[in-house]
Every structure is written in C-alpha cells, then in structure tokens.
Amino acid sequence: MQIIDGKKISQEIKDEVKEEVAQLKAEGKDIALAVIQVGADPASSVYVRNKKRACEYVGIESISYELPEETTQEELMAIVDKCNKDPKINGILVQLPLPKHLDEDEVLLAIDPKKDVDGFHPVSVGNMVIGEKGFLPCTPAGVIQLLKRSGVEIDGKECVVVGRSNIVGKPMAMLLLRENGTVTVCHSHTKDLKEVCKRADILVVAIGKPKFIDDSYVKDGAVVIDVGIHRNENNKLCGDVDYDKVAPKTSAITPVPGGVGPMTIAMLMKNCVESKKLFGE
Ligand SMILES: Nc1nc2c(c(=O)[nH]1)N[C@@H](CN(C=O)c1ccc(C(=O)N[C@@H](CCC(=O)O)C(=O)O)cc1)CN2
C-alpha cells in the first residue's frame, strides 16, 4: 500500500511555481494576490496564513484584507470591486466560508473571472466543463495532480466521488471525466451507497462526515482520496475516511493531515502564475 504524500507533492509544485515566478520576474512581470478574509474563524485564519506563507515562498506578493466579522455585503463588494480594478492585482481570493450574514454567491460572482484564482466563478466553471483554458478549482485540481504524480492511471477507471458540493464534489467529477475516468457522483439520496463505493477503482470522498467511510465501502486494491478535514475535541485532525480501517485494503491512500489539504494551497499558487500568463500585461 502506497501512502500518497501530499506534503511532498505540494512542495514539488511550489518549487516549480517558484521557478516560473522567478522567470516572469526576470521579464519584469510581478504577480500579486489579494487575500480577503472576513472574521476570524480559527481554521480560516490558519489557511489564510499558510496561503500568505506560500506566496512569500514562491515570490508572489500577497495583499491582505483582514475584515471584521461585522463587515457588510456592500463593504465587501466594494473591496472586491477595488481589487478587480487594480491593475497590480492578478488574483483575488475570498476565504470561505464567509460569515452567515453575507451572500457568498454574490461575492464570488463579483470577482473578475480573469482574477478568479480559486476557480469558483461560473465563467471558470464553464471553461472547466468545456475544457477551455482557465482556472481550475484548487482542491479538485490538487487531487488530479496527486493521482498523476503518484502514478495512478485515471483513464478508463471506475471513479466514484462521494459528495456534490460546488467547491469539491461537482468539479472533482468533471476533472476525473476530463481524464477519461468513468465517473459516478454519490450524495445523500444515493441508494446503496456502500455498493456504489465498492465498485470504485478510485474513490474520492468529500462528504464532510468524520471517518464515515470504513473498509466495508472499499474494494480490495482501490485508490482512496480523502478530501475531508475535521478536528476532534483534542485538536487531532481526521478525514472523512476511517484511515486505520481502510488503508490496509487499498493500493494507495491519502492521509489527513498531509494528503489533499496542502495541495489546495500549491494549486492556488499555480493559478496565480496562470493568471499572469493568461491575462497579465
Ligand atoms: N477561498 C477558498 N476557501 C476555501 C477553500 C478554497 O480552496 N478557497 N478550501 C477550504 C480550506 N482551504 C483553503 O482555503 C484549505 C484546507 C486545508 C488545507 C491544509 O493544508 N490542511 C492541512 C492541515 C492544516 C491544519 O493544521 O489545519 C492538511 O490537510 O494536511 C489547506 C487549505 C475551504 N475554504
């Protein structure tokens, strides 16, 4: 059984990005990312801090907007608008989730698709679906990189995605399809979830329930990718997959932490370079 090392693979990607950024800088092309956080959700603060650190590592400038919890929709929209218009800013990141009083969809829709380095804007989603160039959402794109760089063939494989969120499940299915996988998406209304999961050569789990998937959901020799991330009362992290039960049955599996999570940030850095290459002056 192979443990797919997201820390190592994300580091490889960040090093590749670092080289590209240095090359662009040598041509006088600097890259800047606006990082917008509303409120102080502890997990979001960790992710935002790590994104800024990654920017520093690869040589991208991060321009930080740390806004109070009580920020209004109008105030947030005004900041997004300002970033859209600022020619120095190549990418805009609004850390999710936003506080409940804010309309997430309206904010994401307001981001200029040319600066949509998270790949959440409907224009980016459309480009992904039709296979046009554009920004791919970081977490699902990171999963594809984990599979490819670990030597896992996707072409012709039975791929089962558990979860249908706009951020992970749906784009994940689309990216696996683009790699010629045969894709099934499961959700809360799926009948015989266990039986469907057991068909998978590649099982991607993004269901948001700690340790939900145990060995009874997994075929011998399957590849299991765990997108979930949960913290227990002792601050210990776990995923949607019961790793200890499932790992012995797999040919390859991602751990939590150290699997998919770090890839999200590496792919964001890659998208920032893409923004400069596709749309930068
Ligand atoms: N605007 C966005 N918001 C959110 C996204 C996103 O892609 N764009 N994804 C998630 C959170 N996220 C990035 O923002 C993210 C989650 C997890 C990790 C990560 O590296 N996890 C580590 C553990 C880190 C820890 O100690 O908590 C791991 O799994 O090894 C990075 C980024 C929701 N919001």
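What is the volume of the largest pocket? About 1,400 Å³. This is a predicted model: local features need pLDDT of at least 70, side-chain atom pairs count only at pLDDT 80 or more, and totals for chains, interfaces and linings use all residues. Numbering runs from 1 along each chain as its sequence is written, and side-chain values use heavy atoms, without hydrogens and water.

**View 1. The largest pocket lies between two domains.** Domain 1 (28–112) and domain 2 (138–260) both give residues to its lining, so the pocket lies between them. The bounds come from an automatic or database domain assignment. A pocket is an open set of points on a 1 Å grid over the protein atoms alone, where a 1.4 Å probe fits, with protein on both sides within 12 Å along at least five of seven lines. Its volume is the space filled by probe spheres set on the points.

**View 2. The lining of the largest pocket has 49 residues.** Lining residues have an atom within 4 Å of a point. Tyr47, Thr139, Ile229, Gly261 and Thr264 lie nearest the centre. Helix H2 gives the largest share, 8 residues. Helices (H or I, at least four residues) are DSSP runs, numbered from the N terminus.

View 3. A ligand nitrogen is 2.8 Å from a polar backbone atom of Val94. For Leu96, a ligand nitrogen is 2.9 Å from a polar backbone atom.

Key
Helix = DSSP H or I, 4+ residues; strand = E, 2+ residues; numbered from the N terminus. Polar contact = N/O pair within 3.5 Å; in protein donor to acceptor, adjacent residues only side chain to side chain.
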